[in-house]
2 protein chains.
Amino acid sequence: MSSLGIVGGTVLTPDGRVESADILIDTDAGIIEAITEPGAAGATTSLDASDAVIIPGLVNAHTHVAMALLRGHADDKELHAWLEEDIFPVEATFTAGDVEAGAQLGMLEMIKGGTTTFCDMYFHEGAIADAAVESGLRCLLGHGILTLGKDEAGIVDDLETASSFVSAYHGSADGRIAAALMPHAVRTVDSATLTEVAAIATDLDVPIHLHCSETTGDVEAVLERDGDRPAAVASAAGVFDRDAFIAHGVHLDEDDLDVLAATGTGIAHCPTANLKLASGIAPIADALDRGVPVGIGTDGPASNNDLDMLEEVRQAALLAKAEQQDASALPAPTAIELGTVGGASLLGFDVGRIEVGAPADLAVIDLNAPKFTPRHDILSHLVYVANSGDVRHTICDGQILMRDREVLSLDETKVRETAAEAAVQAIGRVA
Amino acid sequence: MSSLGIVGGTVLTPDGRVESADILIDTDAGIIEAITEPGAAGATTSLDASDAVIIPGLVNAHTHVAMALLRGHADDKELHAWLEEDIFPVEATFTAGDVEAGAQLGMLEMIKGGTTTFCDMYFHEGAIADAAVESGLRCLLGHGILTLGKDEAGIVDDLETASSFVSAYHGSADGRIAAALMPHAVRTVDSATLTEVAAIATDLDVPIHLHCSETTGDVEAVLERDGDRPAAVASAAGVFDRDAFIAHGVHLDEDDLDVLAATGTGIAHCPTANLKLASGIAPIADALDRGVPVGIGTDGPASNNDLDMLEEVRQAALLAKAEQQDASALPAPTAIELGTVGGASLLGFDVGRIEVGAPADLAVIDLNAPKFTPRHDILSHLVYVANSGDVRHTICDGQILMRDREVLSLDETKVRETAAEAAVQAIGRVA
């Protein structure tokens, strides 16, 4: 057995304590073999975790990773105007190569920020899957299905692309890559197609992920089209009978939350993007009170503008307090849970807790900085102080993806150069 | 003349452009001598700015820097309960040595994050001034004056302490240290004393800084005590006839904003602390529309929990969009202005713009990271992506405070050890 020790540091336990321990990983099986007293783990290779805390790898529960090519291209605009005027025209020119270049860039950034699992919805999703295999990350991927503005043949084609993607990639890379059916949004997919998606998902036995109630415009458009609110429409179409989770859920009323709770449908909460696009603040504390599963996502890097899950966990904790007018809302221990095991549960991966026998998906957070001094409460520091630049090592499925800030699975220089060039070319095509 | 060149990078100009240039600093005078074509500046010493952008040093317009000792001590609690149960009891035991240790820690963190100027209100403020002189930072400091719960003798003593501090420190360290009169808040200082503070400030010719309308409780307490809202009470006391600025201003109505605009009274906006303590979201876009001067502050590091001004600039830009329900509110160029020249204007320092003849207060932001790839818009990256860990060099008053992440003016190891020990001791005294 090859083994990897992460030694000399502290470990965040599933019940929210931070204690001194070493972690021993069976790298062949990709699982945590033992959590031992400091110094007790004899391993083939070891990573230094002194003055650091080992946490479960962060789970980015909703993104469009290839949009890294477009970050900073257009800011300070409302969601639908931004999409229609600035984003869709460039995306329409993206080749599979562009998407792969953008995806590699985003994955590089996620590894540098301690994210080990993500959920992605886009097009040319096969290129994203290929990049994910190479990156070593764990992910749930799906082709975004749209019916708005498409004729019947176009819709059939989209469903076929989505199904073929699932058949080709679901369970690949030893289970690191999972696939889902991903109708883009209740607003942009008609209810007949939502029903069809639910049936296909049942046939293929995969979950469903879709945008829902991101803006007031989303809710109004669906009310006008179907006479009911987006959550009710998706539920009536059978979408929530599957393992399903929505992105955003900013404009969910009490009935909507009841629908989600009753069906076990989760929310991938994207607080920064919801602020940046002026969509609003999602009622996450209310959702949690009702038992709705919640994870945290960055959304695409063009609406954030980064993939920093530690910042996103902090933003979730901060915004819940404003939304509830209650400083005790979404306290630090809950926030870090949502950013790890909460998101993992939505995506259907049994990761997100540091336990013997669990997949070894870990991030080592370096606490050697003035901002982490003093150390009254390391969990507080993780939520209210840490960000992606503080991650020392990233491990996924027992493999070292980043050691001492150096990414091992991707060539950083090459990925950045290729993506920068693709980004300039793409903008140039529509300028 | 000794000179310092910052070479090979780009410069953020006062009109919001980013262009390739070198900066030549007269280190004796502490001013920017020239902004030249790349390669043209011959200097005694030089700092590398390749793959980086030189911005004005950030200005933290409101903090209580010594509270770095208490970060993470208690979180997820409402402002007044947090203060009364967790903070005041420990602060009551702080010696001048504790305050100096906390202040040095906070200053170390600010230098590492590219902040070159800050405004601080606390007690044992002389210890903070001494730390500031050593740190090389520029600052506006004041002793916090309180009347709530004090007898007449106590109030006289507080005013005397505040005045003596001004006399001892205002204009010291070649003008790097300025002092102000700082009545703690409209809520905690009676209106007769506010009137007296305004008169003393006029005699001493210094500005006034105070908390105002941070919570709904603040507004209600002053309404009950004085029959008017805090801004009107401070204005009637003559506080706003001086150069004055308030902290927070979360609960300002239209009349309050009119009072601020009419008197040229500014707001030090602390978005993260206002979220964390569930105080609310300040109406900053409305304030700017009326011509109210605005700067950005972190508030004390125990209610944030760090001193990262780049994160704070981002939070200001994001929250304004939610508060206005308008994604174009507080766009990136405005946000970075508020975090630099906006704050500097409040504090009364003529810094915050990169211009020939201006004081050389600068931060060099390293763009060599996946998250800054591609480079469609560097200003967007500064606001929506960068944080304190991306600062490569910090220069204040022409002196290098940090070079390649190494702080030169303070001994990082010693400052951190001393502060950590002081923090543990302080908590131990009340446990």
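Author: What follows is a short tour of a predicted model, going from a strand to a sheet, then to a loop, the cysteines and the interface.

Reader: Let's begin with strands. Which strands does S10(B) pair with in the parallel sense, starting with S9(B), and over how many bridges?
Author: A general idea to keep in mind is that side chains in a regular strand alternate between the two faces of the sheet. Here, S9 (residues 115-122) and S10 (residues 138-145) of chain B pair in the parallel sense over six bridges. One place to look is Asp120(B), whose bridge partner in S10(B) is Leu141(B). S10(B) also runs parallel to S11 (residues 177-179) of chain B, joined by three bridges, with Cys139(B) opposite Ile177(B). Then there is S12 (residues 182-183) of chain B, joined to S10(B) by two bridges and also parallel; the partners there include Ile145(B) and Pro183(B).

Reader: On to a whole sheet. What is the strand order in the open sheet of seven strands in chain B?
Author: Read it across as S3-S2-S7-S17-S18-S19-S20, with mixed pairing. S3 (18-20) and S20 (406-407) of chain B stand at the edges with a single partner strand each, so each has one side without a neighbour in the sheet. For S20(B), the pairing with S19 (residues 399-403) of chain B is antiparallel, over two bridges, and Met402(B) stands opposite Val407(B).

Reader: Now a loop residue. Where does Asp299(B) lie, and is it buried or exposed?
Author: Asp299(B) lies in the chain B loop between strand S16 (294-296) and helix H11 (309-324). Asp299(B) counts as buried because its relative accessibility is 5%, which is under the 20% cut-off. Setting aside residues up to four places away in sequence, Asp299(B) touches several others, among them His62(B), His64(B), Glu214(B), His248(B) and Cys270(B).

Reader: Last one, the interface. How much area do chain A and chain B bury between them?
Author: The size of an interface is often given as the accessible area lost when the parts come together. For chain A and chain B that comes to about 4100 Å², 59% of it on carbon and sulfur atoms. Asp76(A), Pro370(A) and His376(A) supply 16% of the area chain A buries against chain B, more than any other three residues. In contact terms, 58 residues of chain A meet 58 residues of chain B.

Reader: How many salt bridges does the rule find across that interface?
Author: Four. You can look at Glu311(B) and Arg314(A), which form a salt bridge with their closest N and O atoms 2.7 Å apart.

Definitions and conventions. Residues are numbered from 1 along each chain as its sequence is written. Chains are lettered from A and ligands numbered from 1 in the order in which they are written. This is a predicted model: local features need pLDDT of at least 70, side-chain atom pairs count only at pLDDT 80 or more; totals for chains, interfaces and linings use all residues. Side-chain values use heavy atoms; hydrogens and water are left out. Helices (H or I, at least four residues) and strands (E, at least two) are DSSP runs, numbered from the N terminus. Buried means under 20% relative accessible area, exposed over 50%, partly exposed in between (1.4 Å probe, protein chains only). Contact means heavy atoms within 4.5 Å. Two strands pair if DSSP finds at least two bridges between them. Buried area is the accessible area (1.4 Å probe) that two parts lose on being put together, summed over both. A salt bridge is a side-chain nitrogen of Lys or Arg within 4 Å of a carboxyl oxygen of Asp or Glu.
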